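Please read them alongside the sequence and the coordinates.

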Amino acid sequence: ASFFVNGQNFANINEPANQDIVRRIVNEGHLLAHHTWSHPDMAKLGKADVVSQFKQLEDALFSIVGKIPTYFRAPFFSYSDIVMQTASERGYRVINANIDTKDYENLNDMQVGLRNFRDGLNAGGSIVLAHDVHEATANTLVPGMLAEIKNRGLKGVTVAECLGDPVANWYRTS
């Protein structure tokens with residue numbers, strides 16, 4: 001799996017329990033990726049604030065796992081030329097998704113998310129958006145998606161693996 005994390009959104013990444021989760025993501029071979037410090041609409045920010053969103057989370061992740069992700073997804077898929085230029089300057093591969101489960105809009109009915117996932121797969125999609133910070137997503141949608149993948153004879157991989165990127169390219173140290 002790929003986990004695009006924030007620094008301060010639903011919780012603070014510097015809390016010991018959250019640092020443990022970040023370490024677990026990396027230690028279990030998942031892709032840890034950048035999703036901004038505080039989840040703003042990046043397209044509405046000027047250069048200094050865009051840089052700050054990148055740097056704050058980079059610093060936190062480096063202090064937790066000793067490396068910085070090279071994959072980035074902006075909240076709301078909202079990009080501007082400033083965001084794209086800054087991401088490029090900082091060595092990021094910018095990611096979108098072609099299957100949106102819309103789990104965040106249907107927290108009381110994960111069948112909607114599962115239907116969106118199936119429809120996305122049927123349309124040829126391969127990169128999925130779901131939000132593990134929601135209990136219903138983690139406990140209902142994710143197991144349903146994994147079962148669907150298995151039933152179709154597919155294999156879940158990180159977004160980097162999906163794009164053919166070797167593990168050596170997933171992180172940087174400066």
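1. K47 is partly exposed, with a relative accessible area of 34%, where buried means under 20%, exposed over 50% and partly exposed in between (1.4 Å probe, protein chains only). K47 forms a salt bridge with E89, their closest N and O atoms lying 2.8 Å apart; a salt bridge here is a side-chain nitrogen of Lys or Arg within 4 Å of a carboxyl oxygen of Asp or Glu. This pair links distant parts of the chain, K47 in helix α2 and E89 in helix α3 (residues 81-89), 42 residues apart. E89 itself counts as exposed, at 51% relative accessibility.

2. The model is a predicted one, in which local features need pLDDT of at least 70 and side-chain atom pairs count only at pLDDT 80 or more, whereas totals for chains, interfaces and linings use all residues. Residues are numbered from 1 along each chain as its sequence is written, and side-chain values use heavy atoms, with hydrogens and water left out.

3. A search of the whole structure finds 11 salt bridges. One of them joins D165 to R93, with the closest N and O atoms 3.2 Å apart; the pair again links distant parts of the chain, D165 lying in the loop between α6 (159-162) and β8 and R93 in strand β5 (residues 93-94), 72 residues apart. D165 is buried, at a relative accessible area of 11%, while R93 is partly exposed, at 31%. E58, R90 and R172 are linked in a network of salt bridges.

4. D103, in the loop between β6 (99-100) and α4 (110-122), deserves a separate look. D103 is buried yet has no salt bridge, and the nearest side chain of opposite charge, R73, is 8.5 Å away (Lys and Arg count as positive and Asp and Glu as negative; His and the chain ends are not counted). The side chain of D103 does, however, reach the backbone nitrogen of H131 at 2.7 Å.

5. For helix α1 (residues 16-27), the 12 residues at 1.5 Å each should span 16 Å, and the end C-alpha atoms are 16 Å apart, which agrees; the expected span is 1.5 Å times one less than the number of residues. Helices (H or I, at least four residues) and strands (E, at least two) are DSSP runs, numbered from the N terminus. Which residues of α1 are buried? They are Q19, V22, I25 and V26, and because they cover an arc of only 115° around the axis, they sit on the same side of α1, the arc being that of the directions from the helix axis to the C-beta atoms. On the other side, P16, A17, R24 and N27 are exposed.

Terms used
Polar contact = N/O pair within 3.5 Å; in protein donor to acceptor, adjacent residues only side chain to side chain.
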